[in-house]
Amino acid sequence: MKRPAHPRAAEIIHEGRKAFVSGLVYAGILSAFINLLQLTVPLFMLQVHDRVVNSQSTDTLVMLIIVAVVGLGIYCILDYVRALTFQVMGSKLVRKLNLPVLEAAVSASVTKGVSQSAQAIRDLNDIRAFVTGNAISVPLEAIWSPIFLAVLFALHWLYGLVALISAAIILSLSLFSDFLTRRAMKRANESSMQNIGEISGSLRHSEAIEAMGMLPALAGRWRRSQLHTQDLLDATTRRGRALASFTRTCRYMMQIAVLSTGAILVIQQEVSAGSMVASSIIMGRMLLPFDSMVDGWRQWVLAMTAWSNVQDLLENQAPQRETKPTPPTQGELSIDRLVYAVPGSDVPILKGLSFSLSPGEVLGVIGPSAAGKSTLARLLIGVTKPTTGGVYLDGNNVYLWERGSFGDMVGYLPQSVSLLDGTIRDNIARMRDADPRLVLEAARLADVHDMIGRLPLGYDTRLGDSGYVLSGGQRQRIGLARAVYGRPRLVVLDEPNANLDADGERALIRAIEALRADGAIVILIAHRPSIMQIADKLMVLQDGKITQLGPRAAVVGAITPGEKTVGAVMTLRGKA
Ligand SMILES: Nc1ncnc2c1ncn2[C@@H]1O[C@H](COP(=O)(O)OP(=O)(O)OP(=O)(O)O)[C@@H](O)[C@H]1O
């Protein structure tokens with residue numbers, strides 16, 4: 001199914017292409033001068049042999065040296081400017097693409113449930129590495145080979161012929177080497193990536209591995225698959241090395257061939273001695289791109305593939321959202337005939353939900369596992385696009401809402417809280433430049449200020465892989481502070497009490513009360529019934545449909561003991 005394009009996809013792709021093409025044209029013009037200036041040394045040799053040696057004139061030699069040094073100086077500057085051109089072009093491309101590509105990757109990850117960000121970042125890196133590397137200039141160099149060949153033919157047709165045959169041999173050898181090694185290399189790389197993926201995937205569950213003594217078996221599996229990869233790599237490397245030695249030897253033989261041709265021509269007095277040395281240098285330069293042509297071609301193909309991935313991501317995977325911020329609203333929430341099916345599936349998870357909530361209302365959502373509660377949460381916060389119907393906050397579609405301004409309106413505590421690399425302060429402030437006043441307010445609202453005070457560095461305690469390890473309950477409470485940061489109008493809490501102790505749960509209830517008093521709409525999804533005491537309304541979701549919805553006491557009263565629903569309602573009955 002075709003998904004919508006990034007709102008600026010066409011513009012971003014056009015700008016990316018423009019930056020690439022204009023950079024290439026500029027570098028091409030510089031290459032023309034650089035290649036002409038590369039003739040400085042052979043021309044110098046020719047002149048020294050033909051003019052200085054014959055005339056024995058040191059004045060001429062000095063003149064030639066001055067001209068050659070000036071030529072090489074200009075060459076040095078132009079070569080540097082060309083390298084800079086590619087560098088500027090690389091950073092310009094990445095600057096233009098970074099944010100929209102990441103936005104599209106995150107959106108695709110949400111839809112597919114598998115992270116697309118790593119691939120998108122790899123594609124961007126590949127593009128930058130290509131633009132700032134050597135392969136990009138291969139065609140710019142290659143178009144000069146025919147000109148050098150023409151110069152050789154102009155010096156003597158035999159030089160041209162030797163150069164032409166040499167070029168054909170080098171190109172054939174490169175193609176043959178590519179043919180012999182490419183497929184095996186690809187298989188070795190795939191096998192290696194698979195090994196790394198498997199082992200790092202398994203090692204994430206290190207506690208279970210350690211506790212149940214699974215390490216020797218895992219290590220055995222890894223060793224076996226590594227041996228397979230190593231065998232593939234060894235065979236490929238052996239072939240590659242043999243061909244590289246052979247190609248190098250051929251090159252030396254070609255130099256001998258062109259010098260010998262020159263020598264014969266000098267003996268027969270058809271050319272000067274200078275032309276013999278110059279032709280050898282020009283031929284070396286002419287053959288240079290042929291060596292890297294096949295590898296350069298492959299890199300061009302890889303870069304084009306990365307570019308087409310990026311283009312596909314921007315055109316087909318990006319959320320189509322408003323680009324202009326929507327002003328804050330008071331927050332009447334209305335859900336209109338909301339249907340959601342995973343893209344590509346005909347079976348809806350949510351089957352036409354309609355309800356509305358006013359500011360200051362707390363809705364509790366209960367229902368058996370897999371009823372669609374978390375899916376509803378993701379639709380309410382506009383992360384997932386509804387298949388039909390919609391979710392509106394004061395008439396504004398939450399999915400289409402520009403993300404920055406919507407983020408200020410909404411707070412979300414997902415079922416599994418993931419805090420990001422950064423300090424507690426950064427995490428609560430949603431990784432923005434933290435306003436200490438707002439961070440403190442959120443921490444107080446979520447009742448975590450004292451808990452944070454007991455951490456080694458308080459609000460500056462660093463979290464993440466190498467940082468402080470919070471307990472499940474602590475993570476959930478910091479996640480709650482992040483959700484209430486900036487006093488959002490709509491707060492969706494998915495199983496917020498799953499890891500909380502009695503104290504934590506009391507703090508959560510106080511936070512929800514404060515949010516209600518502040519006029520926010522709170523949607524609370526939970527299996528543990530105790531927290532539902534705070535809800536004004538209850539909704540029972542079963543198999544993607546609302547089976548009960550109304551004031552808490554009415555819903556609890558309406559449920560018959562035989563009805564297939566969660567124990568939560570039955571437990572609540574006694575407390576309603
Ligand atoms: N991205 C997805 N792809 C395929 N199926 C999905 C996806 N997301 C959710 N589902 C399916 O939708 C159904 C509802 O899932 P959901 O997580 O919303 O249930 P839930 O009511 O929150 O369950 P629980 O109480 O166990 O957390 C499940 O059958 C789940 O397998």
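The dialogue below discusses how to read several features of a predicted model.

Student: Before looking at local detail, what mean pLDDT does the protein chain have, and what ipTM and pTM does the model score?

Tutor: Where pLDDT is low, the predicted coordinates should not be read in detail. In this predicted model, the protein chain has a mean pLDDT of 84, with 93% of its residues reaching 70 or more, and the scores for the model are ipTM 0.95 and pTM 0.66.

Student: How should I read the contact of two helices, and at what angle do the axes of helix 7 and helix 9 cross?

Tutor: Two packed helices are described by the angle between their axes and by the distance between those axes. Here the axes of helix 7 (residues 157-203) and helix 9 come within 9 Å and cross at roughly 170°; angles over 145 degrees count as roughly antiparallel, and helix 7 and helix 9 are therefore roughly antiparallel to each other. The contact of helix 7 with helix 9 is made up, by class, of 21 nonpolar, 15 polar and two charged residues.

Student: Where is R223 placed, and is R223 buried or exposed?

Tutor: R223 belongs to helix 9, which spans residues 215-267. Since a residue with 12 or fewer other C-beta atoms within 10 Å is exposed, R223 counts as exposed because it has 10 C-beta neighbours inside 10 Å. The C-alpha atom of R223 is separated by 9.5 Å from that of N195, a residue 28 residues apart from R223 along the chain.

Student: What should I make of the backbone at R430 and D447, and what is the phi of each?

Tutor: Most residues other than glycine have a negative phi. R430, which is not a glycine, has a positive phi near 60°, and D447, also not a glycine, has a positive phi of about 60°. R430 lies in the loop between helix 13 (424-428) and helix 14 (436-445), whereas D447 lies in the loop between helix 14 and helix 15 (449-453).

Student: Why does D447 count as buried, and why is R430 partly exposed?

Tutor: The cut-off for a buried residue is 20 or more other C-beta atoms within 10 Å, so D447, with 20 C-beta neighbours inside 10 Å, counts as buried. R430 is partly exposed because 16 other C-beta atoms lie within 10 Å.

Student: Turning to the ligand, which residues come nearest, and how does the shell divide by class?

Tutor: Of the eleven residues around the ligand, S369, A370, K373, S374 and T375 come nearest. The residues of the shell around the ligand divide into four nonpolar, six polar and one charged.

Terms used: Residues numbered from 1 in each chain as written. Predicted model: local features only at pLDDT ≥ 70, side-chain atom pairs only at ≥ 80, totals over all residues. Helix = DSSP H or I, 4+ residues; strand = E, 2+ residues; numbered from the N terminus. Near = placed C-beta within 6 Å. Nonpolar A, V, L, I, M, F, W, Y, C, P; charged D, E, K, R; others polar. pLDDT = per-residue confidence, 0-100. Axes fitted to C-alpha atoms, helices over the stretch in contact; angles between N-to-C directions. Parallel < 35°, antiparallel > 145°, perpendicular 65-115°, else oblique.
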